[in-house]
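Let's take a walk through this protein together, one stop at a time. Have the sequence and the 3D view ready, and turn the view as you read.

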Amino acid sequence: MERLISLAEEPARQPGSVGAKAAGLARALEAGFPVLGGWVVPCAESAVAIRAGVEALDRSGPSAATLAISDGRLDPALDRDLGRVGSLLEGTLVVRSSTPLDEDGRWSGAFATYHDVDPEHLPVGVRGCWASAFTKDVIERSVAAGVAPDALRIGVLLQPWVRFDAGGTARLEPDGRVSIAATAAGPDTLVSGRRSGVLAEVSADGTVHMGAGLDGLTPRWAIEAGRLVRDLASTIDADAIEWGWADDGILLLQARRLPVPSASPAPSITTITSRAMPQGAERLAATVRRYPAPLGDELVIPWVYAALDVPEARAIPTPDPVAALAEARSLADGLTGQVWRSPPHVAFRAAEARARSLLGAEPEAWPASLSERCDPPHPGTVRRILGLVEGIGEALEQTGVLPDARLVWRLSVRELERAAREGSRPPIRRGPDRWEPFVVDVVRWAGAASEGTAVCPGIGAGIVSVVDGSVSATPGPRAVLAVSQPLPQLAPLLWNSAGLVAASGSPGAHLFEVARSLGVPAVVGVHLAGLDGALATVDGCNGIVTVTDPARSSTRIGGVGA
């Protein structure tokens, strides 16, 4: 064919030409693995459509970009080739996006797939895959990942449609185990997060362990999935697959290498076992989540130890952010001196010594009460400091210096001053700050624990933000996302999250692959509905989620809770 590439041809093994998904299957097909034959519309064929989409996006927004591609015309030669594919195959087809970005787990589940497509509708399916570059999900991932929309290229994989008896994912773990998630019918409902399925594990010696089977099927599907991923790992260096089971045999639907997490590792955690936390620890933990380091370390934490109640921060309009910051710093200096009954420079040293004791590994060094030797801060001054900083954040968001006003707390005073003075975009810290291990320990000590299934390793702590599929509100920085199902369109919210907790769904869902790639700890099988504003710790290594009472952790202490 003139414009299509067969999966059996050498060019189909080049990710840059056909996308990583198609290239992985082509390599597996060449090596003799059970892959359905098919053809690929090369990534380069999408260039004209993507360009039209970008022009419409700039002019009228995402909906116009999608329509510009969906209503566009295909190149006549490509249109003829799609007609030939339809005449060569009996029955319907599956039409799947395949991009070079598929090798990066942050893009898992981002682009479109169409099942059971009639041959005469192949042009519509191809244009639909291209148009998926302009969905809200993909646009937000592009912004977070720093990928310009006009740089996207989407190949399209065309294969026969098979009605599977079972399907799922399989992953070869570093210790030699194979972790499998499976469901009746094809794997699409499982990886989309809409079905929980069943879990199985195949040990290094081939022994199968599973809590439940699939109705009407023997455990052979687990044995074959385990064998397939092991053989692929030793042959083409692929250690993660999607698979389908039909006619008493397994088919490979995707083969890839598990990505290395791109985010910094989870903080080192010290488990408290020898004694209770100091009096006031819950209050401090809630406050440092709402006003994190480094800015919180300079403007809030030095005086907050003796605060019985940190009032809700209400942004003060700041036409001059530089002057507002100078005022906030001056007020914080005076308040710290008042609280510690010392000149500011002496008071700051005392406050930092207390912080070091709390963040150290020896609980015996902690004070019995955080307010020890401190006077309560003046509430009006507290409101003024917090309001000025919130106002600076809003001003910088309005001018495009910050993507979100709440990220102002993730800057240092020097970075914030430069951003306010010069209008330059500062670097944004998206990982854990130095207080997060302390928050983890406080929540473990004071909260109630629930056990689910560990999905993505790591430990994180933050304020719970319950999110549904509509994503009507954006959680604050380092929030713990609580979702009913791990739907792929929630992926953009993970870039700045401390943890992910899903009430249902499968560990094989695309959203969990995104979390794993970003270093976000995740647990499935724990309900956090109604716990907006609570402090939570997510232990993605052991599958444990611990939550404190939101009335104690957020409503009164720490101001707004998200």
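Predicted model: local features only at pLDDT ≥ 70, side-chain atom pairs only at ≥ 80, totals over all residues.

Helix 2 covers residues 20-30, and eight of its 11 residues are buried, so you'll find it mostly covered. Those buried residues are Ala20, Lys21, Ala22, Ala23, Gly24, Leu25, Ala26 and Ala28. What do they pack against? On the helical side, the partners are helix 1 (15-18) and helix 9 (220-235). On the strand side, they are strand 2 (39-41), strand 3 (93-98), strand 5 (155-160) and strand 11 (249-256).

Now zoom out to the whole chain. The protein chain holds 19 helices and 19 strands. Its radius of gyration is 27 Å, close to the 24 Å that the globule rule gives for 562 residues, so the chain is as compact as a globular protein of that length. Of the 562 residues, 56% count as buried. If you take the contacts in the chain with a separation of 6 or more, 65% of them come from residues 24 or more positions apart.

What about the outside? The accessible surface of the chain comes to about 22800 Å², and 51% of that belongs to carbon and sulfur atoms. As for charges, there are 52 positive and 64 negative ones, and their mean positions are 6 Å apart.

Next, head for helix 6, residues 122-131. Nine of its 10 residues are buried, so this helix is largely enclosed by the rest of the structure. The buried ones are Leu122, Pro123, Gly125, Val126, Arg127, Gly128, Cys129, Trp130 and Ala131.

A disulfide is a covalent bond between the sulfur atoms of two cysteines. How many disulfides does the count come to here? The count is zero, going by the distance between sulfur atoms. Cys43, for one, is in no disulfide, and the nearest cysteine sulfur to it, that of Cys129, is 11 Å away. Seen from the other end, the closest cysteine sulfur to that of Cys129 is the one in Cys43, and 11 Å is too far for a bond; the cut-off for a disulfide is 2.5 Å. Cys43 is buried, with a relative accessible area of 2%, and Cys129 is buried too, at 0%.

Ser465 sits in strand 14, which runs over residues 459-467. Is Ser465 buried or exposed? With 10% relative accessibility, Ser465 counts as buried. Setting aside its neighbours within four places in sequence, Ser465 is in contact with Pro475, Ala479, Val480, Leu481, Ala482 and Asp532.

Ile544 belongs to strand 19 (residues 544-547). Ile544 is partly exposed, with a relative accessible area of 31%. Apart from neighbours within four places in sequence, Ile544 is in contact with Ala449, Ser450, Val523, Thr537, Val538 and Asp539.

Most residues other than glycine have a negative phi, and most peptide bonds are trans. Against that background, look at Ala185, whose phi is near 70°, a positive value in a residue other than glycine. You'll find Ala185 in the loop between strand 7 (178-184) and helix 8 (188-191), and at 36% relative accessibility it counts as partly exposed.

Asp248 also has a positive phi, about 60°, although it is not a glycine. Asp248 lies in the loop between strand 10 (240-246) and strand 11, and it is exposed, with a relative accessible area of 52%.

Which peptide bond is cis, with omega near 10°? The one from Ala293 to Pro294. Pro294 lies in the loop between helix 10 (281-290) and helix 11 (295-299).

Definitions and conventions: Residues numbered from 1 in each chain as written. Heavy atoms only, no water. Buried < 20%, exposed > 50% of the residue type's maximum accessible area, 1.4 Å probe, protein only. Helix = DSSP H or I, 4+ residues; strand = E, 2+ residues; numbered from the N terminus. Rg over C-alpha atoms; globule rule 2.2 N^0.38 Å. Contact = heavy atoms within 4.5 Å. Areas by Shrake-Rupley, 256 points an atom, 1.4 Å probe, with all protein chains shown as cover. Lys, Arg positive; Asp, Glu negative; His and termini not counted. Charge placed at Lys NZ, Arg CZ, Asp CG, Glu CD.
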